[in-house]
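Please look over the notes below with the model open.

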Amino acid sequence: MLTIIFFLSSGLFLGWSLGANDAANIFGTAVGTKMIKFKTAALICSVFIILGAVVSGAGASHTLGKLGAVNQLAGAFIVALAAAVTVMWMTKAGLPVSTSQAIVGAIIGWNFFSQTATSMSSLSKIVGTWVFSPILSALFAFLFFHIIKRIVERSKIHLLRLDSYTRIGLLVVGAFGSYSLGANNIGNVMGVFINSSPFQDITLAGLFHLSSIQQLFLLGGIAIAFGVFTYSKKVMMTVGSGIFKLSPVTALVVVLASSITLFLFASQGLHNLLTSLHLPAFPLVPVSSSQAVVGSVMGISLAKGGRNINFKKLSQISMGWIATPLASAILAYVALFFMQNVFMQSVFK
Amino acid sequence: MPKFFNSKSKQLEGDIDGFLDRVTTAGLIFQEGVKAYVKGKKDKFEKNFKEITDLESDADNIRRDIKHKLYTYMLIPESRGDVLGLLETLDDIVDICEKVLEQFSIETPEIPEFLKSDFIELSELSSKTVEEVVKAARAFFREIGMVSNYVNKVHFYEHEADNVEEHLKRSAFNSDEIQRFSHKVHMRYFAEKIAAVSDVAESVAERLSVYAIKRRI
């Protein structure tokens with residue numbers, strides 16, 4: 001048991017840092033501008049992240065599994081650790097880092113080390129989605145901004161009532177965003193442990209079935225929630241009053257647009273529906289919530305006439321598509337070498 | 001929770017509307033009071049003066065209550081400062097209306113016949129600026145796009161008031177009917193006091209146009 005917990009710890013750490021950083025993408029402005037209390041935000045965020053992870057986390061994780069099936073617990077430990085360290089390091093450097101990009105790099109590092117061929121079709125699908133997701137987010141934000149602006153202007157709604165509706169909206173959209181974040185990003189945290197999962201399926205009172213994967217995701221979800229409660233407040237305060245100065249209504253648009261983007265790349269139900277209708281379905285790929293948010297903010301800038309577009313931020317994002325996976329792949333490769341040759345643990349079958 | 005937010009918001013909406021109603025009424029009572037004084041209707045003037053005194057303390061109480069509620073229930077954190085600033089300056093209008101009538105009551109200026117129409121017109125224009133600035137304030141809460149329309153009207157009436165004020169002062173100082181210099185100065189003083197209402201209304205309008213830009217989505 002102790003070994004299992006030890007090996008899972010790197011994934012849990014990655015989950016913690018995901019919670020600490022990414023919750024602010026969803027509730028940052030709401031909490032930073034005092035529209036919602038931090039405790040309320042943290043509670044809703046945690047509950048829905050866990051729900052999203054357990055209920056529909058499988059889709060995006062499956063894609064990571066196709067990229068590289070890490071099949072030994074010690075190997076998975078190193079892969080998650082390499083990703084976590086990369087995330088920590090890039091965060092310290094002030095770059096908009098993504099756990100998705102870090103974990104993909106680390107998996108490729110494992111593939112190289114174990115001399116497993118990296119599925120190029122999976123890789124191109126993943127990278128393509130990364131590029132596409134902020135663009136899609138910007139498009140949604142652009143659209144919603146115009147719609148909401150028109151509704152607010154036409155309805156002659158009182159400032160105070162608009163404020164109370166915005167609060168409710170921020171809570172509801174925040175819950176949806178948290179669910180989407182959990183569903184889309186749990187694969188980053190726990191995906192690498194799927195093939196070496198130490199858990200057995202359990203059925204509670206004949207009604208409640210939790211597969212071994214769902215138990216893994218539940219654990220990861222709890223780690224994310226822990227990150228939300230212990231560290232995200234600081235990040236939220238920075239988001240609320242720092243880089244993106246948004247009004248509560250535009251914040252609502254940003255969160256809605258980013259959440260829908262995350263949801264589209266995580267929802268198996270939607271994927272199946274579109275496939276059954278012979279329509280092109282969204283690939284289920286873990287994307288970066290931070291980059292989706294940056295995309296949404298750009299969308300709003302465009303809707304406002306293209307002012308204040310932060311090109312530096314854009315270049316940082318595209319740098320992240322390459323630099324993050326590269327750093328994390330190299331780190332994983334080196335660490336796997338040490339794990340195998342110094343600590344004498346088998347890291348692949 | 002939504003119901004809680006909503007009922008508080010509705011209550012406050014009512015409070016704010018009530019406050020704005022009082023500002024408009026203050027402008028109208030002010031106009032009626034000046035008219036009554038100028039026409040020598042002493043009783044009616046004193047009644048108007050009493051009304052505006054009550055109204056002033058009433059408006060003060062409502063404003064304090066709104067401020068308290070905005071902070072206690074953490075409503076509109078983004079525009080709270082602007083809203084409170086707006087209500088405070090609107091309250092200044094009520095204060096100054098009351099002060100002018102008080103000065104009339106204390107100093108009982110002697111208004112010569114040839115200045116009466118100017119004094120009445122000046123009070124009407126000042127009252128008009130108050131009416132329009134309150135409309136601008138209502139638009140700020142409900143229909144942000146209309147604010148500039150009302151602000152323009154405030155500017156227009158304030159400018160008209162300035163012209164009448166100048167005319168009144170020139171007439172007073174050029175006239176041989178008023179013998180004493182002190183009397184001329186007294187007329188100037190009251191002309192400036194009445195016009196001050198429109199000046200304050202204009203500064204509130206200036207504030208409102210800035211708030212409106214800030215509030216645009």
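1. A nonpolar patch on the surface is formed by Phe112(A), Leu326(A), Ile330(A), Tyr333(A), Val334(A), Phe337(A), Phe338(A), Val342(A) and Phe343(A), with about 950 Å² of accessible area together. Patches take residues with over 30% relative accessible area and no salt bridge; nonpolar side chains (Val, Leu, Ile, Met, Phe, Trp, Tyr) are joined within 5 Å, like charges within 9 Å. Accessible areas follow the Shrake-Rupley method with a 1.4 Å probe, and for residues only the protein chains shown count as cover. Helix H12 of chain A (residues 311-341) gives the most to the patch, six residues; Tyr333(A) is found in H12.

2. This is a predicted model, in which local features need pLDDT of at least 70 and side-chain atom pairs pLDDT 80 or more, while totals for chains, interfaces and linings use all residues. Residues are numbered from 1 along each chain as its sequence is written, chains are lettered from A in the order in which they are written, and side-chain values use heavy atoms, without hydrogens and water.

3. Chain B has six helices and zero strands (DSSP runs numbered from the N terminus: helices are H or I, at least four residues; strands are E, at least two). Its C-alpha atoms fill a box of roughly 70 × 35 × 20 Å along the principal axes.

4. Between the chains, 23 residues of chain B are in contact (heavy atoms within 4.5 Å) with 26 residues of chain A. The buried area is about 2300 Å², of which carbon and sulfur atoms give 67%; this is the accessible area (1.4 Å probe) that the two parts lose on being put together, summed over both.

5. Which salt bridge joins Glu143(B) to chain A? The partner is Lys156(A), at 3.6 Å, N to O. The rule, a side-chain nitrogen of Lys or Arg within 4 Å of a carboxyl oxygen of Asp or Glu, finds two salt bridges across this interface. On the side of chain B that touches chain A, helices H1 (2-38) and H4 (113-142) of chain B each supply at least two residues, and H1(B) gives the most, with eight.

6. Over all chains, the search finds 30 salt bridges. One links Arg142(B) and Asp17(B), with the closest N and O atoms 3.5 Å apart. Arg142(B) lies in helix H4 and Asp17(B) in helix H1 of chain B, so the pair ties together parts that are 125 residues apart in sequence.
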